[in-house]
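User: Hi! Could you walk me through this one?
Analyst: Happy to, here it is.
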Amino acid sequence: MSNHAARSKEKFVPEPERFEFRAAPIHKFELARRDFFHLLGAGIAIFASSKNASGAQELAPQSKSFHKEDLPEDISAWLHIGEDGVVTGFTGKAEIGQNIRTSLAQTIADELHVLFESVRMVTADTTLSPFDAGTFGSRSTPTMTPQFRRVAAAARQLLVAEAAKQWNVAPTGLVVTDAKITDPASGRSARYAELAKGKTLSQVLPAEDHTTPAAQWTIAGKEIAKVNARTFVTGAHQYTPDLRPPGMLYGKVLRPPSFGATIASYDDGAAKTHSGAVIVRDGDFIGAAAPTVAEAQEALNAIKVTWKEVPQISNRELFSYLKKNGVPGSAKHNPIKEGSLEDGYSHAAHRLDAAYTVEYIAHAPLEPRAALAQWGEGKLTVWTGTQRPFAVRDELAAVVHLPESSVRVIVPDMGSAYGGKHTSDAALEATRLARASGHPVKLVWTREEEFTWAYFRPAGLIEVKSAIDVDGKLTAWEFDNYHAGMSGIDTPYVVANQRIEYHAVPLLLRSGSYRGLAATANHFARETHIDALARVAQIDPLAFRLKNLSDIRMRAVLEAAAKSFGWPGRKSQKGRGFGLAIGNEKGSYVATCAEIAVDQQSGAVKVVRIVEAFECGAIINPDGLRNQVVGAIIQGLGGALFEVIQFENGKITNPHFANYRVPRFRDVPEIEAILIDRKDLASAGAGETPIMAIAPAIGNAIFDATSVRLNTLPLAPKGVKA
Amino acid sequence: MPKLMELEVNGKRYPVKYPPDTPLLYVLRDELGLTGTKYGCGEGQCGACTVLLGGAPRRSCQIPVAAAAGRSITTIEGLEKNGQLHPVQQAFLDAGAFQCAYCTSGMIMSSVGLLKTNPNPSRADIVQGLQGNICRCGTHPRIIDAVLNAAKVSKEQAR
């Protein structure tokens, strides 16, 4: 069995967030079952335990330095049906704009046979929700959907059994529609609410269950509008920065002048005398809390502090630094080696080597990092926009020396994250200030702090060596990735002789997850290189790819996109070009076709049209999915064309939207998203894969227009000259 | 030094005491509790804090509170009338023109301002009018559709 086959047989493990800050152990689920009913009122509850839930828990990648904790042993999802008929689903996942609050409710309503409107979701609250590793890796749909489906099926069966018992009939003949159980033989009926009345019935998910196949879904699979949408168009929804409990103070942090700077001298005498602010110094953390942001800032301004700074490199030396400092990455399948490269090169009709570079970029979610920390009766409650509420809880508990059960983290539906909100920074800062001041403290990062002190998508250098035979079939493939990461590093193309290797590099700027992680970098290098090989072979890029692909799902999206795009396209004007690229990650498939126009005078690149086909198994909400796919395409334009973090000597030199360009209305092309619904396949996540092929598709189109091959991301921040 | 001023927001008058150069955004959010107006950058670059000042869309993070005193200010909370959403709010709702929705208040206020001066905008007019508003989730096509639809509905209602 080849390495590749061995890899694909293993259980899917989300990509290790290699640069993630390590979370302390997470083991306990502290809410006892009796507390559960106390909290929610009587009714019927179904619990899925990780021992028998299919698809079960988020797995911690084993050989990587991410979570050290064991698999959570306890309950992973649950559902409550109240005496009022209200159904509540509980999940540790957070709503970050990916529409999980709606799509999970659809799944529950569908399987439980209740109206969609009667289901509400409690998300990302460490006291109310079951443990969850985090909202990342496109895992919300593939892990939570099957669990809720099983939980809902079990709840329905429990209610049917209850009705059968009351009526003294066999459960098999009973019919369930719209939260009502009917006995067709006698005409009797009972609503779920009536059956739940006065009960505190709970059950752990049975080993056997009968969930509904996608072809028979009635509520899932349909376009249903975002559940709480009205609160967003009226401004009523409160994100973390909008919370204002009585007595609240505003927190501010005095940031060092550069990364790695340490305090050389410190004097807060004047600040303490002249301001009413509470000032905290704890190690290299300096912060203030006051009744207004301005007063907190004034107090910080009055502190006399000098810093010891350390010299650091800039963008100019970045890629030579990466090349020089790479060490073999310690991941499980690294390097990937198959066949014999010597054989591969000996059969080569053409060889092509090239290097690709990817700059650091920022997530820049519009809601900056923020937290509100409140102490009461020895307990700490923190509201914060994070993708990992349980990890934040544990980090806070460790810092304030409280048991985890005394810390509660709540995540209000978030102003998004894109992989950028895995850490606890704002929560820790607000907590320190709240503890010192004895007041609730809210701390909202400024845009400059967000661009500077958050973390970035890692930069990377990727070197590719390759060969094709006379028929244009790949015979050798070498792929060396420095620093960018391993997500999407495997090639989907059939090539018998390959070596794919990841080289770790000591961290330069604080780096972490991004939408699609390293897949954006790896797909850019691979798909640009494949395009260049097609040109060498003088074969159309679509035909070249099809010649080298065997994966049916991959071919299907490619063919769908190409057909709708009208590949190879006809150039209506000078300076127009067409490009395509493909990718697969995390159980979903994407193909992107791009048409671009290069301004003949300025060299500015305008993306004119994008056609993207995407397939992620059975679609749960086509409307929400389309929003995600189109959104990923537009977000991807930035990383493709112009986004770059500029840094020098430990400072970010473009920490503002004025000089860190993100896609705006004028940049948005005509977009067609083709969604392929595979009801025969399990639903995969869709938050990440749709962004992966956009940059290489645009780069390949630029080559088509200008014959200039761009091997750098961003491709053309200042335009391209033929 | 804090100065006593009067703000007229959504038809109501509020006395406020603030240093006159405080950005209007902070007074709206922190003093009046009108948190529908969002902080996105504080630099006038993202449009999340857009309000109507004398009917025109303005970045409230760039307006000193003293400059807004005595003028009519409308925030996102002031658009709904008697439980009836403004046509632009309704159009955003109908189009599902949001993902995380953090930019939505600013998008709606900018669009309301745009339609006041240009009740019949082309696509290009909308792109131009909303160029200063950032949506990081990439919902731009739906936002454009929503504004076009709001214009259409407003015209029909006016007829």
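Analyst: One term to begin with: two residues are in contact if their C-beta atoms, placed from the backbone, lie within 7 Å. This is a predicted model, where local features need pLDDT of at least 70, side-chain atom pairs count only at pLDDT 80 or more, and totals for chains, interfaces and linings use all residues. Residues are numbered from 1 along each chain as its sequence is written, while chains are lettered from A and ligands numbered from 1 in the order in which they are written.
User: New topic: where does A:Val411 lie?
Analyst: A:Val411 is in the loop between strand 19 (407-410) and helix 12 (425-437) of chain A.
User: Is A:Val411 buried or exposed?
Analyst: Buried, because A:Val411 has 27 C-beta neighbours inside 10 Å. The cut-offs are 20 or more other C-beta atoms within 10 Å for buried, 12 or fewer for exposed, and partly exposed in between, with C-beta atoms placed from the backbone.
User: What is A:Val411 in contact with, neighbours within four places in sequence aside?
Analyst: Its partners include A:Ala94, A:Ala124 and A:Pro389.
User: And how much of chain A is buried?
Analyst: Buried residues are 54% of its 722 residues.

Key. Helix = DSSP H or I, 4+ residues; strand = E, 2+ residues; numbered from the N terminus.
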